[in-house]
Amino acid sequence: MRRFFLIAVPFVWLLVLFLVPFLIVLKISLSDAALARPPYTPHFEWAEGIWAFFSQLDFENFVFLTSDSLYWKAYLSSLQIAVISTFLTLLIGYPIAYGMARAPEEWRPTLMMLVILPFWTSFLIRVYAWMGILSKEGLLNQFLLWSGIINEPLVILNTNTAVYIGIVYTYLPFMILPIYAALDRMDGSLIEAAEDLGCSRLTAFWLVTVPLSRNGIIAGCFLVFIPAMGEFVIPSLLGGSRTLMIGKVLWEEFFSNRDWPVASAVAVVLLLILIVPIMLFQRNQQKQAEAEQ
Amino acid sequence: MMRLSWFNVVSLTFGFVFLYLPMIILVIYSFNKSKLVTVWAGFSTKWYGELLQNEAFLNAAWVTLKVAVISSTFATILGTMAAYVLVRSGRFFGRTLFSGMIYAPLVMPEVITGLSLLLLFIGIGMDRGVMTVVLAHTTFSMCYVSVVVSSRLFTFDQSLEEAALDLGCSPAQAFRLVTLPIIAPAVISGWLLAFTLSLDDLVIATFTTGPSATTLPIKIYSAVRLGVSPEINALSTLMIAVVTVGVILASLASKRNVAKMRQEEIAAVRAE
């Protein structure tokens with residue numbers, strides 16, 4: 001009885017507040033838009049049985065997504081932005097994690113805390129901090145003009161460059177921590193052995209260190225890529241009107257156009273795109289957990 | 001021990017400057033006299049004074065705090081239960097679905113979580129306000145809590161619980177007297193995590209709230225969209241200060257705890 005209660009409470013909670021809402025999104029994505037409030041007309045009744053359910057499904061909204069170039073352009077551009085910024089985060093995060101793992105042991109807890117601390121401070125504030133730096137009269141332009149590197153202020157805020165900077169900046173800790181965890185566990189004598197056997201330091205790094213930190217790299221990349229794909233705050237504050245990202249499109253479809261069925265269809269497709277990387281990430285985590293035991 | 005090469009030193013320096021410089025600039029410019037945020041016109045604390053008189057911000061801060069305290073407490077209770085079920089309950093009907101529902105919200109894009117919860121609240125005709133935001137925050141943060149707590153449950157020795165049961169404890173007593181004290185640090189960090197997630201959330205709160213409950217991130221977002229303002233810099237500085245002090249205190253406390261436990265272990269070994 002006690003066991004039943006213990007399982008049932010969180011189970012029912014998640015069913016009602018996670019799974020059911022999701023099914024509602026699926027249902028509304030298959031409905032017609034109407035001006036009534038709520039702005040959708042259910043396209044089928046559950047009571048009519050399975051067959052009626054399937055025969056009445058309406059993929060009109062999904063067809064609409066493929067017919068209007070805005071949507072597939074937004075998916076492609078989100079994908080491009082997420083892939084490029086994941087790569088940039090890896091490029092910047094790896095050397096930092098590597099430096100941390102090679103630092104004297106008594107420094108490491110402090111370095112760790114310095115990486116985690118920004119994670120606890122508000123995401124919104126960290127994105128906002130860049131607005132004052134990247135704007136036309138911002139500090140970066142002031143500095144570059146003052147030092148004579150440029151003669152005219154650069155336009156960075158409200159472009160895709162600013163979005164890349166924002167994503168790299170806010171997700172950097174998610175890349176550093178798993179890579180650092182992998183490098184920290186590595187046996188330093190392996191590098192010494194490789195060097196004794198005639199590897200240069202660079203070859204030893206490529207042939208020993210990088211493969212041994214592979215799981216950390218994979219985990220870090222997924223932890224950046226998955227949220228970056230559905231990101232809303234960064235493109236809306238740092239990006240411009242030409243920055244197309246699917247999170248922003250969904251938001252506008254819902255709050256500005258009030259087209260709930262299309263917003264729901266956008267959400268369903270986004271999730272279908274993310275399901276593969278999410279599954280791969282879970283598998284990677286599971287394999288790692290098994291390897292540790 | 002390995003020595004740091006110049007490359008390591010450069011990448012560490014660059015990395016930490018990159019992580020901290022934007023926030024340091026933000027803090028410095030919150031003490032700027034000028035309304036223009038990019039021109040330094042001398043030291044002043046007037047923006048903090050104005051902030052304290054801005055009733056809209058104070059109200060939003062109060063709503064946010066209320067939501068965060070209630071939702072993180074519920075999330076901690078539910079998340080700890082879920083972790084216990086996942087680690088200790090063995091097989092039961094729907095276990096795969098259950099663990100899927102625990103892990104899925106962690107990677108679900110916020111826009112989707114927010115949209116789906118809003119459609120649920122509208123579907124069942126619930127008035128949107130503090131209550132709906134609390135429900136939404138509890139749901140996603142209980143998953144984070146359960147991940148933190150279950151990793152602690154995995155590592156501790158189950159025979160301690162069995163010993164308590166053998167010695168005549170009821171299962172409830174064994175949980176309260178043995179399990180809970182051992183997993184307490186994880187439960188506390190789970191609560192803190194849920195609390196900060198709730199304080200920080202903009203997207204899900206925007207979807208699930210009504211006109212009666214504006215949280216601080218929603219307020220900040222609508223102000224920030226119009227551009228940089230020294231008042232927001234002052235507010236950000238206060239939030240950064242609170243978090244920094246909190247994290248440092250928590251890490252000092254956990255360090256002292258570890259040291260105390262080690263001393264007790266040494267004492268126990270000596271006693272034998």
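Helices (H or I, at least four residues) and strands (E, at least two) are DSSP runs, numbered from the N terminus. In the predicted model considered here, local features need pLDDT of at least 70 and side-chain atom pairs count only at pLDDT 80 or more, whereas totals for chains, interfaces and linings use all residues. Residues are numbered from 1 along each chain as its sequence is written, and side-chain values use heavy atoms, with hydrogens and water left out.

Chain A contains 14 helices and 0 strands, and its pattern along the sequence reads α-α-α-α-α-α-α-α-α-α-α-α-α-α. The C-alpha trace of chain A spans about 75 × 65 × 35 Å along its principal axes. The radius of gyration of chain A is 24 Å, while a compact globule of 293 residues would have one near 19 Å; the radius is taken over C-alpha atoms, and the globule rule is 2.2 Å times the number of residues to the power 0.38.

Of the 293 residues in chain A, 52% are buried (under 20% relative accessible area, with a 1.4 Å probe and protein chains only). Among contacts in chain A with a separation of 6 or more, 70% are between residues 24 or more positions apart, a contact being heavy atoms within 4.5 Å.

A:Pro261 illustrates the interior of the chain at the level of one residue. This residue lies in helix H14 (residues 260–292) of chain A. A:Pro261 counts as buried because its relative accessibility is 0%. In sequence, A:Pro261 and A:Ser29 are 232 residues apart, yet their C-alpha atoms are 4.5 Å apart in space.

Conventions
Chains lettered and ligands numbered in written order. Buried < 20%, exposed > 50% of the residue type's maximum accessible area, 1.4 Å probe, protein only.
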